[in-house]
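Okay, everyone, thanks for coming. Let me put the structure up, and then I'll talk you through some side chains that pair up.

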Amino acid sequence: NQQPHDWREVEKQVLNDVYYRLVDTPNLHHVFPTNFLASLPNGQRLQGDSMLNIVYLSQLTNLKISDTNPMLYLRELDRPGFDAVLREHLVPLEVLQWARAGQMPDDALHRFLEARIDLIIEVLRTKLEGVPFQVIDTGS
């Protein structure tokens with residue numbers, strides 16, 4: 001519904017332009033790759049499997065990123081207009097700011113997940129205007 005574009009080839013929509021090509025089908029990509037999270041000392045790996053840590057990217061982009069530290073691959077992909085592409089994926093721009101600064105906080109994944117759920121809820125409220133719904137935080 002957001003019609004997100006690929007992170008590497010920003011002119012291509014992930015689900016429209018790429019979906020039916022066998023060589024470059026959409027892949028689920030962990031923004032914070034699970035193997036990268038396993039290398040961190042504070043046990044963020046369990047949160048890494050959250051649906052909130054996943055975006056659709058083309059297969060080729062996903063393979064190129066692989067398990068790279070997000071601070072490295074985001075900096076490599078960063079160019080004019082990249083922040084708009086991240087917004088289409090409902091990815092908080094805070095993660096791009098961390099990449100540009102070359103460091104992320106110890107609780108980066110937690111902050112990312114919390115900010116992303118806020119963006120998703122905001123979009124749902126807009127798209128479901130007039131439809132009452134309640135957000136329940138089961139993490140508490």
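**Charged pairs and aromatic rings**

Let's start with arginine 87, which counts as partly exposed because its relative accessibility is 45%. And a quick reminder before I go on: this is a predicted model.

So who does arginine 87 pair with? Its side chain meets that of aspartate 83 in a salt bridge, at 3.4 Å from N to O.

How many salt bridges does the structure hold? Five. Another one joins the side chains of aspartate 78 and arginine 100, at 2.6 Å, N to O. That pair links distant parts of the chain: aspartate 78 is in the loop between α4 and α5, arginine 100 is in helix α6, and they're 22 residues apart. Aspartate 78, at 24% relative accessibility, counts as partly exposed, and so does arginine 100, at 49%.

Now over to glutamate 9 and lysine 12. Their side chains meet in a salt bridge of 2.8 Å, again N to O. Are these two buried or exposed? Both are buried. They also belong to a network of salt bridges, which links Arg8, Glu9 and Lys12.

Okay, on to the rings. We describe a pair of aromatic rings by the distance of the centres and the angle of the planes. The count here comes to three aromatic pairs. One of them is tryptophan 7 with tyrosine 73, a stacked pair with 6.3 Å centre to centre and 25° between the planes. Tryptophan 7 lies in the segment before β1 and tyrosine 73 in helix α4, so this pair ties together parts that are 66 residues apart in sequence. Tryptophan 7 is buried, with a relative accessible area of 0%, and tyrosine 73 counts as buried at 4%.

Tryptophan 7 has another partner, phenylalanine 82: the ring centres are 6.0 Å apart and the planes sit at 90°, so we call that pair edge-to-face. Here the link runs from the segment before β1 to helix α5, with the two residues 75 apart. Phenylalanine 82 is buried as well, at 0% relative accessible area.

How values were computed: Residues numbered from 1 in each chain as written. Predicted model: local features only at pLDDT ≥ 70, side-chain atom pairs only at ≥ 80, totals over all residues. Heavy atoms only, no water. Salt bridge = Lys/Arg side-chain N within 4 Å of Asp/Glu carboxyl O. Buried < 20%, exposed > 50% of the residue type's maximum accessible area, 1.4 Å probe, protein only. Helix = DSSP H or I, 4+ residues; strand = E, 2+ residues; numbered from the N terminus. Phe/Tyr/Trp six-rings, centres within 6.5 Å; stacked < 30°, edge-to-face > 60°.
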